[in-house]
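Hi,

Here is the structure I said I would pass on. Have a look at it first, and my notes on what I found follow below.

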Amino acid sequence: MLMLKLKINPELLECGTDEAGRGCLAGPVTAAACILPDNFAHPLLNDSKQLNASQRLELREIIESSAICWAIAHVHESEIDQMNILNASIEAMHRAIAQLKPIPEFIAVDGNRFKPLNQIPFECVIKGDGKYQNIAAASILAKTERDRYMKVLHQEYPQYDWNNNKGYPTLKHRAAIAQFGATPYHRQSFRLLPNQLKLSL
């Protein structure tokens, strides 16, 4: 596997940022931001979706102990319903970046949409978590923290299988919504059930 590039601008204090949970029916959208030192390198570091759960947890420990700084932020389902999922994803990234000390001089963003934050220059990179280590590190922090959070919510509502599906629209998750209805953690602005399932209720 080719080693990812560390960051976009070698000469700047640059953070990577990414989110997890955009496509879920329940729970928050979670974002992370991370500034890695210039000497950081890890051969396993890649897009979090390319790694298994144990690899992500192993890398999270390495990232948290090695990074210059890192931060994680949630935007919860009630806010997602108010502002829509795209704006909520960007807001979560903004909240994570705003916690960083020192303040980054440049933001490397996974995806193709972002809004300016405190006049810090930024660049959007499609599939950036498979190209730059600082974005990949943020993707791992966001994914592992959101997974942890959904396992906690699973204790409250075990019938929805969130410890396995993490809120994504699996058949088992949708069957539970059809049987038990929505929880306070479900995103009411999302189509929780396909129309044909709604008719049979």
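Before anything else, one cut-off: I call a residue buried under 20% relative accessible area, exposed over 50% and partly exposed in between, using a 1.4 Å probe and protein chains only. Bear in mind that this is a predicted model, where local features need pLDDT of at least 70, side-chain atom pairs count only at pLDDT 80 or more, and totals for chains, interfaces and linings use all residues. Residues are numbered from 1 along each chain as its sequence is written, and side-chain values use heavy atoms, with hydrogens and water left out.

Asn134 is buried, at a relative accessible area of 1%, and belongs to helix 4. (Helices are DSSP runs of H or I with at least four residues, strands are runs of E with at least two, and both are numbered from the N terminus.) Contact here means heavy atoms within 4.5 Å. Not counting residues up to four places away in sequence, Asn134 touches Leu6, Lys7, Glu14, Cys15, Gly16, Cys34, Leu36 and Ala108.

Leu36, one of those partners, is worth a look too. Leu36 sits in the loop between strand 2 (29–35) and helix 1 (53–66), and is buried with a relative accessible area of 4%. Apart from neighbours within four places in sequence, its contacts are Leu6, Ala67, Ile68, Gln133, Asn134 and Ala137.

Strands count as paired if DSSP finds at least two bridges between them. Strand 1 (residues 14–20) runs parallel to strand 4 (residues 106–110), and the two share four bridges; Cys15 has Ile107 in strand 4 as its bridge partner. Strands 2 and 3 are antiparallel instead, with seven bridges, and Ala32 stands opposite Ile72 in strand 3.

On to the helix packing. Helix 1 and helix 4 pack at about 120 degrees with their axes 9 Å apart. (Axes are lines fitted to C-alpha atoms, for helices over the stretch in contact, and angles run from 0 to 180 degrees between N-to-C directions.) That makes helix 1 oblique to helix 4, given that under 35 degrees counts as roughly parallel, over 145 as roughly antiparallel, 65 to 115 as roughly perpendicular and the rest as oblique. On the helix 1 side, the contacting residues are Arg56, Leu57, Leu59, Arg60, Ile63 and Glu64, and they meet Ala137, Ile140, Leu141, Lys143, Thr144, Glu145 and Asp147 in helix 4.

Leaving out residues up to four places away in sequence, Lys143 touches Ala20, Ser48 and Arg56.

Helix 6 (residues 171–180) has buried residues at His173, Ala176 and Ile177. They cover an arc of only 100 degrees around the axis, so they lie on the same side of helix 6; the arc is that of the directions from the helix axis to the C-beta atoms. These buried residues pack against helix 5 (162–165), while Leu171, Lys172 and Gln179 are exposed on the face turned away. Just after helix 6, Gly181 has a positive phi of about 85 degrees.

- The Lys101 to Pro102 peptide bond is cis, with omega near 5 degrees; Pro102 is in the loop between helix 3 (85–98) and strand 4.
- Asn84, a non-glycine residue, has a positive phi near 75 degrees and is partly exposed at 39%.
- Lys127, also not a glycine, has phi near 55 degrees and is exposed at 64% relative accessibility.

Cheers
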